[in-house]
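Please keep the sequence and the three-dimensional view side by side while reading. The account moves from the overall arrangement to individual elements and then to local backbone features.

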Amino acid sequence: MFKFFKNIMTKFVYNYYFICYFFKEKLLNDQKAFNEYSYKLVKYNNKKVLNRLKGKIPKRISILLPHCIQDYDCVFKITSNIENCKRCGKCRIGDILELKEKYNISVKVATGGTLARMYLKEEKPDFIIAVACKRDLVSGIFDMYPMNVYGVFNIIKNSPCVNTDVDIKEIEKILNLILNKGE
């Protein structure tokens with residue numbers, strides 16, 4: 001019975017986000033408040049995911065990245081295979097590859113939400129670290145519920161969807177936490 005109410009409450013929180021999103025667009029027009037709510041929702045989700053994993057070490061871990069993490073001018077496209085990266089240092093893909101090798105995890109770069117959802121449904125990882133912008137991350141977490149999707153916002157340097165960044169230390173911290181390495 002407790003699990004039933006817990007699921008209803010979780011769905012309420014996620015649906016509340018989309019109701020706020022709708023009204024923000026139509027009525028409120030308060031981007032700052034909306035951004036704050038997005039951050040709170042992802043923080044709430046991440047806490048729930050970590051609580052579900054307490055005492056368990058996931059066997060299949062994936063990092064899901066947006067294609068805008070890659071340097072826009074790079075000729076070595078990584079959307080079909082991240083191993084195409086030459087590790088030149090112009091973007092964070094080389095750092096992500098180091099995490100992939102160090103922790104023996106899968107990494108996928110998606111060009112959009114549909115491809116990301118398709119990948120997760122096919123692979124069914126036990127734990128996902130998803131990196132994306134505010135809107136895509138929140139809707140992706142909502143779409144993939146009840147999968148264990150831990151959200152990390154990408155860093156928009158100049159403009160959205162082009163040459164964004166990610167905090168590699170934050171991703172590694174989460175990996176160490178869920179793998180009980182305590183680093």
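In what follows, a helix is a DSSP run of H or I at least four residues long, a strand is a run of E at least two residues long, and both are numbered from the N terminus. By this rule helix α3 is followed by Asn104, a residue with a positive phi near 55°. The coordinates belong to a predicted model.

The protein contains 6 helices and 4 strands. Along the sequence these elements follow the pattern α-α-β-α-β-α-β-α-β-α. Of its 183 residues, 42% count as buried. Among contacts between residues at least 6 apart in sequence, 64% join residues that are at least 24 apart.

How many of the residues of strand β1 (residues 61-66) are buried? The count is 6 of the 6, so the strand is largely enclosed by the rest of the structure. Burial here requires under 20% relative accessible area, and both faces of β1 are covered. Ile61, Ile63 and Leu65 are buried on one side, while Ser62, Leu64 and Pro66 are buried on the other.

Strand β1 also pairs with two other strands. It runs parallel to β2 (residues 106-110), to which 5 bridges join it. Within this pairing Ser62 stands opposite Ser106, and Leu64 stands opposite Lys108. Strand β1 is likewise parallel to β3 (residues 127-132), with 4 bridges joining the two. Here Ile63 has Ile129 as its bridge partner.

Which residues of α3 are buried? They are Ile93, Gly94, Ile96, Leu97, Leu99 and Tyr103.

Helix α6 (residues 168-178) contains Asn176. Is Asn176 buried or exposed? Its relative accessibility is 3%, and it therefore counts as buried. The side chain of Asn176 makes a polar contact of 2.9 Å with the side chain of Tyr103, a residue already listed among the buried positions of α3.

Attention may now turn to empty space. When a probe the size of a water molecule is rolled over the atoms, it shows where such space is left. The largest pocket holds about 520 Å³. Its lining comprises 29 residues, and those nearest its centre are Pro66, Val131, Ala132, Cys133 and Asp136. Strands β1 and β3 and helices α4 (113-123) and α5 (134-144) each supply at least two residues of the lining. Which element gives the most to the lining of the largest pocket? That element is α5, with 7 residues.

Some local backbone features remain to be described. Most residues other than glycine have a negative phi, and most peptide bonds are trans. Arg87, which is not a glycine, has a positive phi of about 55°. This arginine is found in the loop between β1 and α3, and because its relative accessibility is 36%, Arg87 counts as partly exposed. Lys124 also has a positive phi, near 45°. Lys124 is located in the loop between α4 and β3; with a relative accessibility of 51%, Lys124 counts as exposed. The peptide bond from Tyr145 to Pro146 is cis, and its omega is near 15°. Pro146 belongs to the loop between α5 and β4 (149-153), and α5 is the helix that gives the most to the lining of the largest pocket.

Notes: Residues are numbered from 1 along each chain as its sequence is written. This is a predicted model: local features need pLDDT of at least 70, side-chain atom pairs count only at pLDDT 80 or more; totals for chains, interfaces and linings use all residues. Side-chain values use heavy atoms; hydrogens and water are left out. Buried means under 20% relative accessible area, exposed over 50%, partly exposed in between (1.4 Å probe, protein chains only). Two strands pair if DSSP finds at least two bridges between them. A polar contact is a pair of N or O atoms within 3.5 Å; within protein, one must be able to donate a hydrogen and the other to accept it, and residues adjacent in sequence count only if both atoms are side-chain atoms. On a 1 Å grid over the protein atoms alone, a cavity is a set of points where a 1.4 Å probe fits but cannot get out, and a pocket is an open set with protein on both sides within 12 Å along at least five of seven lines; lining residues have an atom within 4 Å of a point. Grid points are joined across faces, edges and corners, and a volume is the space filled by probe spheres set on the points. Contact means heavy atoms within 4.5 Å.
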